[in-house]
Amino acid sequence: MRRLRSVKIVATLGPASNDYEMIRALFEAGADVFRLNMSHGDHSEIRERHKIIRQVEKDLGRPISILADLQGPKLRVGVFANDEEELEVGAAFRLDLDDAPGDATRVQLPHKEIFAALEPGASLLVNDGKIALKVKECGGDFADCEVTVGGTISNRKGVNVPDVVLPLAALSEKDRKDLDFVCDLGVDWLALSFVQRPEDVEEARTLATGRAAIMSKIEKPAAVKAFDEILAVSDGIMVARGDLGVELPVQNVPPIQKRLIRKCRAVAKPVIVATQMLESMIDSPMPTRAEVSDVATAIYEGTDAIMLSAESAAGSFPIEAVKTMNNVAIEVEGDPNYRDIISAQRGGKKETVADGIVVAAREIAETTDIKAICCFTQSGTTAALVSRERPHVPIIALTPLHGTARRLSLSWGTHCVITGSVDRFKMAVVNAARAVRADGFGTEDDQIVVTAGVPFNQPGTTNILRVAPCAERLIFSSDPE
């Protein structure tokens with residue numbers, strides 16, 4: 001199941017992709033990572049989807065990464081006596097804690113934390129920004145507002161508060177239960193919603209107790225402002241453009257996306273670009289030209305992964321959506337300009353022996369006829385560093401640990417292989433050559449670069465690089481023990 005592109009594809013599972021046949025078909029079409037959205041589906045449904053993914057993984061013999069996306073706190077207005085009301089621009093409208101049904105002048109906002117943080121002049125956005133309110137006066141249990149963007153407001157519509165950092169934890173009580181459930185289940189990544197500060201990430205890490213890697217979703221202005229600190233304590237980043245595009249002017253999102261991708265790559269942490277990438281394919285077998293351009297832009301920017309949400313979870317054409325992403329990626333990565341752009345973006349501090357080894361591996365691959373860079377890795381760090389270099393040859397990540405292989409399945413360019421433990425470098429080279437030949441990356445006539453750490457099976461010891469033949473007879477006759 002060798003991919004013909006380096007960027008990875010994340011597919012969300014849901015009612016349209018709920019059984020073995022469909023999930024297997026999605027993987028065969030190009031999905032590398034499956035997202036379990038904890039906002040939809042109870043624990044029994046999530047458990048069944050997880051079980052199916054692991055069965056597909058076993059049947060196809062390829063590590064598959066599973067990302068559980070926590071819901072986060074949901075801020076919503078209450079209900080209306082008439083179910084909905086029309087708000088006119090310039091009208092006064094009150095939000096308060098009173099649970100009485102609302103009307104054209106007021107409605108409940110059952111989140112006292114919001115009132116505690118509001119100040120006059122702050123904005124409130126309702127229903128994905130379709131309605132905008134400006135706070136004129138506020139207190140601990142109310143906010144008197146002016147309608148600046150009018151429209152229809154109805155029961156339990158979502159509320160965004162872009163101007164202030166809310167005194168709300170990123171993890172609700174539901175999230176805590178979901179986190180423990182999916183970690184026990186055995187997911188590889190946890191996507192954390194409503195991140196505003198690094199402490200939100202640290203809380204999730206404490207609760208996860210090493211059972212899953214932590215991915216911070218950047219969907220709030222506060223997270224953009226504190227991004228460097230959030231990135232430092234995260235294992236990966238999701239640029240979640242949905243809420244980000246509501247809470248910020250839409251024209252701000254593309255440069256933010258580009259900036260975040262580069263910062264993630266500089267520190268060798270994977271980044272996903274998500275939300276509305278092929279939105280029209282929920283109902284159509286063909287995407288719009290603008291959507292194709294959006295996907296291509298993210299790939300040109302060097303993102304590790306691109307994500308499908310409702311397109312694969314609830315749409316009518318989930319397989320076609322994955323195939324479209326796969327085909328766009330292959331076309332973009334075949335463009336000579338792509339390699340120039342990716343190389344020009346290469347950066348990040350190079351301070352360790354491992355940094356030097358992976359840079360040397362990439363440079364050797366660029367100047368000689370090398371078919372793959374093969375990394376033996378325990379924690380996945382070395383493969384992530386090679387991925388940061390964005391080499392023009394495939395990256396074969398060899399590890400005895402299923403968890404490491406699955407997590408690395410999200411990283412750009414990595415082809416993950418489960419291998420037995422080795423205690424001699426010669427056998428590491430032999431295993432690498434076998435993997436390259438078995439998965440169609442090279443033949444006995446080809447050469448590869450192998451990186452490893454001595455002593456073996458210890459994280460953080462990458463200190464050796466070897467240009468090796470793929471022919472075992474040549475390895476045994478020439479390689480050191």
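1. A residue is called buried when its relative accessible area is under 20%, exposed when that area is over 50%, and partly exposed in between, using a 1.4 Å probe and protein chains only. By this cut-off phenylalanine 142 counts as buried, because its relative accessibility is 16%, and 56% of the 481 residues of the protein chain count as buried too.

2. Please keep in mind that this is a predicted model, in which local features need pLDDT of at least 70 and side-chain atom pairs count only at pLDDT 80 or more, while totals for chains, interfaces and linings use all residues. Residues are numbered from 1 along each chain as its sequence is written, and side-chain values use heavy atoms, with hydrogens and water left out.

3. The protein chain holds 18 helices and 21 strands, where helices (H or I, at least four residues) and strands (E, at least two) are DSSP runs numbered from the N terminus. Its radius of gyration, taken over C-alpha atoms, is 24 Å, close to the 23 Å that the globule rule (2.2 Å times the number of residues to the power 0.38) gives for 481 residues, so the chain is as compact as a globular protein of that length. Along its principal axes, the C-alpha trace spans about 85 × 45 × 45 Å.

4. In general, strands of a sheet pair through backbone hydrogen bonds, either parallel or antiparallel.

5. How many bridges join strand β5 to β6? Three bridges join β5, which covers residues 92–96, to β6, and these two strands run parallel. Aspartate 96 has glutamine 108 in β6 as its bridge partner. Glutamine 108 is buried, with a relative accessible area of 16%, and, not counting residues up to four places away in sequence, its contacts (heavy atoms within 4.5 Å) include Asp96, Val77 and Gly78.

6. Phenylalanine 142 lies in strand β9, which covers residues 142–149. Leaving aside neighbours within four places in sequence, phenylalanine 142 is in contact with Arg94, Leu95, Asp96, Phe115 and Glu137. Phenylalanine 142 and leucine 109 are 33 residues apart in sequence, yet their C-alpha atoms are 8.5 Å apart in space. For the protein chain as a whole, residues 24 or more positions apart account for 67% of the contacts with a separation of 6 or more.

How values were computed
Two strands pair if DSSP finds at least two bridges between them.
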